[in-house]
Amino acid sequence: MTHSQPPVPSHAEGSRIAMTEPELRAWGESFGRAATAPLIVTLKGDLGAGKTTLVQAICRGYGVTQPVTSPTFALVHEYASPSTPVYHLDLYRLRSQAELEGLGWDDLVSANALVLIEWPERAGSLLPSGHVPIALEHLPGAEDRRILLAG
Ligand SMILES: Nc1ncnc2c1ncn2[C@@H]1O[C@H](COP(=O)(O)OP(=O)(O)OP(=O)(O)O)[C@@H](O)[C@H]1O
Ligand SMILES: [Mg+2]
């Protein structure tokens, strides 16, 4: 009997996949290529975990050609793609749920768009169900790798 390789990436440990930055970018690009709107993706993780890096890759795969920068001060950036708009939110500096209403939150999360949300926990109960949850974590002892948890 022959043994085939198990279909698990080489850096996977349990359900956690530790990826280098190029690996994470490649994963994000293929995710972006496969994404169809309307779609909300949430990205959790500590400061510097790689959320914006992954958003940049997803946008690239989705067809965004503009440079994607962190919307930390504006809270939301809009990008064009060949299919639908992309809204990239970073809620780290959100002060209240009322501030979300001022951003046009209800329209953003119901738009025919790809919506990418960093620090989604700040939205509390206003976060719609049905989004794709992604989390990134630092890997102790490995500066160049991050753990990706998706779905
Ligand atoms: N495996 C990796 N995956 C992603 N980023 C990595 C990796 N290894 C190192 N890095 C570096 O870590 C940093 C991640 O920064 P990034 O802005 O993407 O984080 P963030 O989670 O968006 O942080 P913030 O909460 O401040 O918005 C970048 O400087 C990137 O080059
Ligand atoms: Mg960020």
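Gly151 counts as exposed because it has 6 C-beta neighbours inside 10 Å; a residue is called exposed with 12 or fewer other C-beta atoms within 10 Å of its own, buried with 20 or more, and partly exposed in between, the C-beta atoms being placed from the backbone. This is a predicted model, in which local features need pLDDT of at least 70 and side-chain atom pairs count only at pLDDT 80 or more, while totals for chains, interfaces and linings use all residues. Residues are numbered from 1 along each chain as its sequence is written, and chains are lettered from A and ligands numbered from 1 in the order in which they are written.

Gly151 lies in the segment after β8; strands are DSSP runs of E of at least two residues and helices runs of H or I of at least four, numbered from the N terminus. Beyond its neighbours within four places in sequence, Gly151 contacts Val132 and Pro133, contact meaning C-beta atoms, placed from the backbone, within 7 Å. Between Gly151 and Val41 the C-alpha to C-alpha distance is 9.8 Å, although 110 residues separate them in sequence.

The largest nonpolar core holds 31 residues, of which Leu43, Ile58, Val86, Val115 and Leu116 touch the most other members. Such a core is a set of buried Ala, Val, Leu, Ile, Met, Phe, Trp, Tyr and Cys residues joined through C-beta atoms within 7 Å. Elements giving two or more residues to this core include β3 (39-44), β5 (86-90) and β6 (114-118), and α2 provides the largest share, 6 residues. Leaving out residues up to four places away in sequence, Ile58 touches Gly28, Phe31, Gly32, Ala35 and Leu116.

Terms used: Two residues are in contact if their C-beta atoms, placed from the backbone, lie within 7 Å.
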